[in-house]
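Please look over the sequence and the model before reading on.

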Amino acid sequence: MHVNYALRRGVALIRLNSGPINALGFDLRCDILRSIDKAIKDRAIAIVLCGAGRNFSAGADIAEFARKKHLQTPTLNEVIAILDEMSIPTIAGINGFALGGGLELSLACHYRLADNTARMGLPEVHLGILPGAGGTQRLPRLTGIPTALDMMTSGRHITSQEGLSYGILDGLLIN
């Protein structure tokens with residue numbers, strides 16, 4: 001499995017554990033959905049999604065684009081739609097990078113917390129790709145149009161402090 005799942009005091013902890021950057025490849029997407037299903041069966045009262053190791057997720061597995069594997073079900077959009085529709089609270093615990101699809105995954109959660117190492121952004125624009133997993137809709141709702149437009153067109157990374165001030169984050173974790 002590419003995730004570690006644990007249930008603690010009714011809270012399901014889903015830790016992405018797929019290499020150094022937790023690229024959101026097919027296997028990881030499948031394991032996230034399996035873990036969400038397990039959390040529902042376990043009657044979890046909340047789900048915390050976080051990265052094992054140094055990063056939350058640096059986004060889609062770009063190698064899958066050449067083979068069109070990024071379109072294989074479940075797609076990142078499907079995983080995000082399921083998170084978005086959850087009736088129990090979902091929390092993204094962001095450490096390290098939350099870039100591209102990784103940021104979009106966190107934006108689908110009800111709440112986002114980050115530590116002081118977190119860096120967020122939509123750098124896929126540097127590859128000629130627009131954010132394709134809901135970021136163009138969710139980010140402006142949190143930050144307002146000027147900040148979202150800047151982030152979507154510049155590809156720059158922002159710090160957790162900036163994320164908090166822009167409204168992307170709901171709080172900072174002390175580490």
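In what crossing, left-handed or right-handed, does helix 1 pass helix 3? The crossing of helix 1 past helix 3 is left-handed, a term for the near helix being turned anticlockwise from the far one by less than a right angle, with clockwise being right-handed. The model is predicted: local features need pLDDT of at least 70, side-chain atom pairs count only at pLDDT 80 or more, and totals for chains, interfaces and linings use all residues. Residues are numbered from 1 along each chain as its sequence is written, and side-chain values use heavy atoms, with hydrogens and water left out.

**Helix 1 and helix 3**
- The two helices (DSSP runs of H or I, at least four residues; strands are E, at least two; both numbered from the N terminus) pack at an angle of about 20°, with axes 10 Å apart.
- Helix 1 is therefore roughly parallel to helix 3 (angles under 35 degrees; over 145 is roughly antiparallel, 65 to 115 roughly perpendicular, the rest oblique).
- Axes are lines fitted to C-alpha atoms, for helices over the stretch in contact, and angles run from 0 to 180 degrees between N-to-C directions.
- Arg29, Ile32, Leu33 and Ile36 of helix 1 make the contact (heavy atoms within 4.5 Å) with Leu76, Val79, Ile82 and Leu83 of helix 3.
- This contact has seven nonpolar, no polar and one charged residues (Ala, Val, Leu, Ile, Met, Phe, Trp, Tyr, Cys and Pro are nonpolar, Asp, Glu, Lys and Arg charged, the others, Gly among them, polar).

**Helix 5 and helix 6**
- Helix 5 (residues 135-143) packs on helix 6 at an angle of about 140°, with the axes 7 Å apart, so the pair is oblique.
- The crossing of helix 5 and helix 6 is right-handed.
- Gly135, Thr136, Leu139, Pro140 and Thr143 of helix 5 meet Ile145, Thr147, Ala148, Met151 and Met152 of helix 6.
- By class, the residues of this contact are six nonpolar, four polar and no charged.

- Leu49 touches residues including Ile14, Phe56, Leu83 and Leu105, not counting residues up to four places away in sequence.

**Asn95**
- Asn95 lies in the loop between strand 4 and strand 5 (97-99).
- Asn95 is buried, at 13% relative accessible area (buried is under 20%, exposed over 50%, partly exposed in between, with a 1.4 Å probe and protein chains only).
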